[in-house]
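User: Please take a close look at one part of this protein for me, a pocket and its surroundings. I would like one connected account that I can follow on screen.

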Amino acid sequence: MRIVLEKRQSVSRYVRVLVPLASLVFALVFGAVLLLASGVNPFTAYAAMARGAFGDVHAVAETLVKAIPLMLTGLGVSIAFRMLFWNIGAEGQLAMGGFAATGVALYASDVLPPWSVLPVAVLLGMAAGALWAAIPAALRAYLQVNETITTLMMNYIAILLISHVYHGPWRDPEGYGFPGTARFPEVAWLPRLYDRAHMGLFFAVIAAAVLWFVLQRTKWGFELRITGENPKAARYIGINIPRLILVAMLASGALCGLAGVCEVTGVMRRLQQGLTVGYGYTAIIVAWMSQLNPWGVLLVGFLLAALLVGGDQIQMAMGLPAAMGLVLQGALLFPMLGGSLFAEYRLRIVRPHRKTPDRPLESLAREVES
């Protein structure tokens, strides 16, 4: 007897609702056990997390600040994942978007008309993320190079590149030795909604709406889904898969680059350490937990941001070790990821077939004679 994972032929609405709810309950119980083992009242800890993420308008603003890059990068990687292209490079694409936007803000704001500085920064940041994603896409499309390795390795190149520029040639000479560029001029600031929450939220909502429409109502979205579900069928009906990979990765990288633009123009208003803090990697979790649904990405991104902010809060409010917040976040995330897996697959028990024992030739011969 063995247990195998079997993909569901169709996923009912009942399963899509019940599995995430059951996963959430299990995650909370598992997290409570860890808190009890650490001598902490789980109800007090969860209440502190909720206050830290939603306790007042300032807390909600901080949650939105973390949610916006998760939403944009989650939408970006979900495009690639739909056709089973494993884009692990969202972190590097985000970094390159912030790098390009910084170049515009620092060196083109005196040349361009004031009204055009921010739009140009947004467009060039998206283009930088798209071109950074196009390199592993071309390697996969035309040379069959494994994209998991190339996208992952290019993260390190991008992160080291931006680290070099804000420690070196773009470092603020009046920054008292702190690594980082000069503050952007106001014409390159992304407007804020309130506190630190900025207009990047509208970019994420618009991107989700456009992506949902494209995936559900256009030929390109149909080709993307078919290629992900059955590449052989896609080739048979004449879909140009190499071209589709390139286009999908350009769109994926552009959204990740937009996340970087929003970070440097809306939050930091300069390029400095802290741009690449793992949003691109967490985006993979966001995409899978939302089952690649654009509207689900927005919801999961916001909830995951609340978990991150709340996890930081319990460290300060309850005097827990710094690692406890990360441990608790992982304890809550793993069951949720497992639940998203069982929404698409089910466990099936395979029992071995009993073989009929071979009968001696002599007995068979006697039966034939009789």
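Analyst: Happy to! Let's start with the second largest pocket, which holds about 220 Å³ of space. A pocket here is an open set of points on a 1 Å grid over the protein atoms alone, where a 1.4 Å probe fits, with protein on both sides within 12 Å along at least five of seven lines; the volume is the space filled by probe spheres set on those points. Please keep in mind that this is a predicted model, in which local features need pLDDT of at least 70 and side-chain atom pairs count only at pLDDT 80 or more, while totals for chains, interfaces and linings use all residues. Residues are numbered from 1 along each chain as its sequence is written, and side-chain values use heavy atoms, without hydrogens and water.

The lining of this pocket (residues with an atom within 4 Å of a point) is made of 13 residues. To find its centre on screen, look for Arg140, Pro231, Arg235, Ile241 and Ile245, which lie nearest to it. Helix α10 gives the largest share, with three residues. By class, nine of the lining residues are nonpolar (Ala, Val, Leu, Ile, Met, Phe, Trp, Tyr, Cys or Pro), two are charged and two are polar.

Helix α8 (residues 219-229) packs against α10 at an angle of about 110°, and their axes are 11 Å apart. The two are therefore roughly perpendicular (65 to 115 degrees). Contact (heavy atoms within 4.5 Å) is made on the α8 side by Trp220, Glu223, Leu224 and Thr227, and on the α10 side by Ile241, Leu244, Val247 and Ala248.

Now zoom out to see the setting. The protein has 14 helices and four strands (E runs of at least two residues). Its C-alpha atoms fill a box of roughly 105 × 60 × 35 Å along the principal axes. Of its 370 residues, 46% are buried (under 20% relative accessible area). Among contacts with a separation of 6 or more, 78% join residues 24 or more positions apart.

Terms used:
Axes fitted to C-alpha atoms, helices over the stretch in contact; angles between N-to-C directions. Parallel < 35°, antiparallel > 145°, perpendicular 65-115°, else oblique. Buried < 20%, exposed > 50% of the residue type's maximum accessible area, 1.4 Å probe, protein only.
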